[in-house]
Amino acid sequence: MTRLLFTPINIGQLSLDHRVAMAPLTRSRAGAGNVPNAMNVEYYRQRASAALIISEATQISQQGQGYAWTPGIHSAEQVAGWKAVSDAVHGAGGHMFLQLWHVGRVSHPQFQPGGGLPVAPSALPVPGKTFILDEQGNGVWGDVPVPQELNLDGIAAIIDDYRHAARNAMLAGMDGVEIHAGNGYLLDQFINSNSNHRQDCYGGSFENRARLLLEVVNAVVEEVGADRVAVRLTPMGRFMGMGDDTPKATFGYIARQLSRLNLAYLHLVEPAMVGTVLDENYDPNWDAIIKQLRHDYRGVLMLAGGYDQASAEKALLDGRADLIAFGRPFIANPDLPARLYGNHALNDADGSRFFGGDAKGYIDYPVLAS
Ligand code: FNR
C-alpha cells in the first residue's frame, strides 16, 4: 500500500518528516487576559508528533476577538504564554505555526475596546451567533449586532495589528504564522461579494475585494519573511453568511497572486465544510474549484475538511494536495500520526467538549500503549 502520508516534505525552512498536519482548532480554554495557560501547553505538547501544528485561531488585537476564552497574541503576557507552548512543542520534536485571526463582524460589544460595535467591510446584518459571557461569567451563544463599516484609517490600523501580531508570534518562538482568511471572518468578509458592498478600493471588483488580504499578507511577509507565512482560505464557504458571485474568478485570482510570493504553503478547506461540520448536501462539483486552485497556486498546498486516512492518501496520490490537515481526529487522538501509520483504531471526538471547559475532552484522550 502506498504510504505517501509518511513521506517527508519541506515547507519554508522546515523539514517535516511526514504529511499529517494538525488543523487550527479553537478550543476556548485560554486563561485570564486571553493568555495561553499550562493546560494549553500540555494540549499542544501531546500533539507534537503532527508534521506541523497550526494553533487555534489567535486574535491579533482586542478588536479582533469574537468569542470568549480565545487566546490573543497582542500583549506581552500572551507572547509569554505562547512561548511556553512553542517551547513544549519544540522540546517534543514538533513544529508549530500560529494562526492569526481577526473576526471582523463576528463579534460582540463585550469584546470590543470601549464596548463599541464590531467592525466590518460593510454595515450589514450578520447571520450567526458568537460565544459570549453572561453576567455570571458563563459562556452563552449571543446574537451578533450589525457592525460598523471600517474607514480607511481603520483598515490601515488593522494591517499594522497584523504586523505587530506576526512579530509577536516570532517572539513567542513560532516557526511561522498562518493568516486566517476563511470561515466568514474579517478577511473573508472583504473577499466575498455578499458581505462587502464597499464603493472604495476595497470593494466592487474581485481584485478590490482581495486587496485587504493581499496587503495583510505583504505586510506580514515584510515582517517575518515569506517562508514563515501561510494563508488559509475557505473558497465557496457559506459559514457566517459568506457567498461570492464569482468564486472561481475571485479565488483563482487570490491563488495566483499568493503564488508569486513563495509562501510556506497555502491551506484550503474543502468547500463542503460549513464551519466545523461537513455538509452532506453540498454540490458534489465543488471539487472543481480545488483542482483549479491547485493549478493556480504553484507552491505547497495543504487541504483539510473531512479527511480520513484513505481519502488523505488518495488526495496525495492524485496530486490534489501536498499535505493534509486533520481537525477533529487530532482533538480525539493526540498520537494521530502513529495511529494512522499503524492502522490503529481512532478515538471518537466528544463534540460537547470542543469549546470551553476544563481538562476533560481536552487533554485526557488516551494514546496508544507504547
Ligand atoms: C475548527 N476549525 C477551525 N478553522 C480555523 O481555521 N481556525 C480555527 O480556529 C478553527 N477552529 C475549529 C474548532 C473546532 C472545534 C472544529 C471542529 C473546527 C475548522 C478546522 O480547522 C477544520 O477545517 C475542520 O474541522 C475540518 O477538518 P476535520 O475536522 O474534518 O478534519
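**Notes on the ligand site and selected residues**

1. The side chain of Arg232 places an N or O atom 2.7 Å from an oxygen atom of the ligand. This is a predicted model, and every distance below is computed from it. Arg232 is also listed among the closest of the residues around the ligand, together with Pro24, Thr26, Gly306 and Arg328.

2. His180 has a polar side-chain atom 3.2 Å from a ligand oxygen atom. At Gly327 the backbone is involved: one of its polar atoms is 2.8 Å from an oxygen atom of the ligand. On its own the ligand has 600 Å² of accessible area, and the protein covers 97% of this.

3. Where does the ligand sit? The ligand is in the largest pocket. The surrounding shell has 20 residues. Sorted by class, 10 of the shell residues are nonpolar, 8 are polar and 2 are charged.

4. Ser28 is not a glycine, yet its phi is positive, near 50 degrees. Ser28 belongs to the loop that runs between β3 (20-22) and α1 (38-46). Is Ser28 buried or exposed? Ser28 counts as buried because its relative accessibility is 4%, and the cut-off for buried is under 20%.

5. Met240 is the other residue to check. Its phi is positive at about 55 degrees, although Met240 is not a glycine. The residue is found in the loop between β11 (229-233) and α7 (247-259). With a relative accessibility of 6%, Met240 counts as buried.

6. Leu317 is part of helix α9, which covers residues 309-317. Is the leucine at position 317 buried or exposed? Leu317 is exposed, because its relative accessible area is 55% and exposed means over 50%. In sequence, Leu317 and Leu5 are 312 residues apart, but their C-alpha atoms are 9.4 Å apart in space.

7. Asp318 is in the loop between α9 and β16 (323-326). Its relative accessible area is 49%, so Asp318 is partly exposed; the label exposed would need a value over 50%. The side chain of Asp318 makes a polar contact of 2.6 Å with the side chain of Lys314. How far is Asp318 from Glu135 in space, C-alpha to C-alpha? The separation is 52 Å, and the two residues are 183 residues apart in sequence.

8. Gln148 lies in strand β9, made up of residues 148-149. At 38% relative accessibility, Gln148 is classed as partly exposed. Pro121 is 27 residues away from Gln148 along the chain, and the C-alpha atoms of the two are separated by 8.1 Å.

9. Ala332 is in helix α10, residues 328-332. Its relative accessible area is 0%, so Ala332 is buried. Between Ala332 and Asp350 the C-alpha separation is 7.6 Å, with the two residues 18 apart along the chain.

10. To recap the points for checking by eye: at the ligand, look at the side chains of Arg232 and His180 and at the backbone of Gly327. Away from those contacts, look at the positive phi values of Ser28 and Met240, and at the polar contact between the side chains of Asp318 and Lys314.

How values were computed: Residues numbered from 1 in each chain as written. Predicted model: local features only at pLDDT ≥ 70, side-chain atom pairs only at ≥ 80, totals over all residues. Heavy atoms only, no water. Near = heavy atom within 4 Å. Polar contact = N/O pair within 3.5 Å; in protein donor to acceptor, adjacent residues only side chain to side chain. Areas by Shrake-Rupley, 256 points an atom, 1.4 Å probe, with all protein chains shown as cover. 1 Å grid on protein atoms, 1.4 Å probe; cavity = no way out; pocket = protein on both sides within 12 Å on 5 of 7 lines; lining within 4 Å. Sits in = over half its atoms within 2 Å of the grid points. Nonpolar A, V, L, I, M, F, W, Y, C, P; charged D, E, K, R; others polar. Helix = DSSP H or I, 4+ residues; strand = E, 2+ residues; numbered from the N terminus. Buried < 20%, exposed > 50% of the residue type's maximum accessible area, 1.4 Å probe, protein only.
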